[in-house]
Amino acid sequence: MKRILTTSFLVLSCLVPAAPAQADGPERMPQVAGQGLVAAYRALNYDTSVQLRDGRGAGRHVLWPASWKVCSQSPDAGAPLQGRKATLTVVKTHEECPV
């Protein structure tokens, strides 16, 4: 019986989520320009407010992030975010970024 309890404890302890990593200072904007939109979302903290802009100026909405890429970003990479909104200018993956 003792062996079963020990194994159950080990299995259950693996299910407990780890504590979030503590940042060493203010959150900074990662470099996401040039990446796919899915990768950009992964690089940003989950609580960062993100605004998307159509790089073609057509006002298109992103319905499937995997088919879009990031052309430019604001703020620049390395800038502190601290409650700021990140703005990403995006185009479809087969399109060229505006100059």
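## Nonpolar core

A nonpolar core is a set of buried Ala, Val, Leu, Ile, Met, Phe, Trp, Tyr and Cys residues joined through side-chain atoms within 4.5 Å. In this predicted model, the largest such core comprises 11 residues: M29, V32, L37, A40, L44, W68, V70, L81, A86, L88 and V90. Helix 2 (37-43), strand 2 and strand 3 are the elements that each supply two or more of these residues. Strand 3 makes the greatest contribution, with three residues.

One of the core members is V70. Apart from its neighbours within four places in sequence, V70 is in contact with V32, A33, G34, Q35, G36, L37, A40, L88, T89 and V90. Several of these partners also belong to the core, among them V32, L37, A40, L88 and V90.

## Overall architecture

The protein chain contains two helices and three strands. Read from the N terminus, these elements follow the order α-α-β-β-β.

Of the 99 residues in the protein chain, 23% count as buried. The accessible surface of the chain amounts to about 7,400 Å², and carbon and sulfur atoms account for 57% of that surface. Where contacts in the chain link residues at least 6 apart in sequence, 67% of them join residues at least 24 apart.

Strand 3 (residues 86-92) runs parallel to strand 1, and five bridges join the two. Within this pairing, V50 has A86 in strand 3 as its bridge partner. A86 is also listed among the residues of the largest nonpolar core. Strand 3 pairs with strand 2 in the antiparallel sense, over six bridges. Here the bridge partner of S74 in strand 3 is T87.

Strand 3 is mostly covered, with six of its seven residues buried.

## The disulfide

The model has one disulfide. It is formed by C71 and C97, whose sulfur atoms lie 2.1 Å apart. This pair links distant parts of the chain, with C71 in strand 2 and C97 in the segment after strand 3, 26 residues apart. The torsion about the S-S bond of C71 and C97 is about -85°, and the disulfide is therefore left-handed.

The two cysteines fall into separate accessibility classes. Buried denotes a relative accessible area under 20%, exposed denotes over 50%, and partly exposed covers the range in between. C71 has 18% relative accessibility and so counts as buried. C97 has 32% relative accessibility and so counts as partly exposed.

Key
Residues are numbered from 1 along each chain as its sequence is written. This is a predicted model: local features need pLDDT of at least 70, side-chain atom pairs count only at pLDDT 80 or more; totals for chains, interfaces and linings use all residues. Side-chain values use heavy atoms; hydrogens and water are left out. Two strands pair if DSSP finds at least two bridges between them. Helices (H or I, at least four residues) and strands (E, at least two) are DSSP runs, numbered from the N terminus. Buried means under 20% relative accessible area, exposed over 50%, partly exposed in between (1.4 Å probe, protein chains only). Contact means heavy atoms within 4.5 Å. Accessible areas come from the Shrake-Rupley method with a 1.4 Å probe; for residues, only the protein chains shown count as cover. A disulfide is a pair of cysteine sulfur atoms within 2.5 Å.
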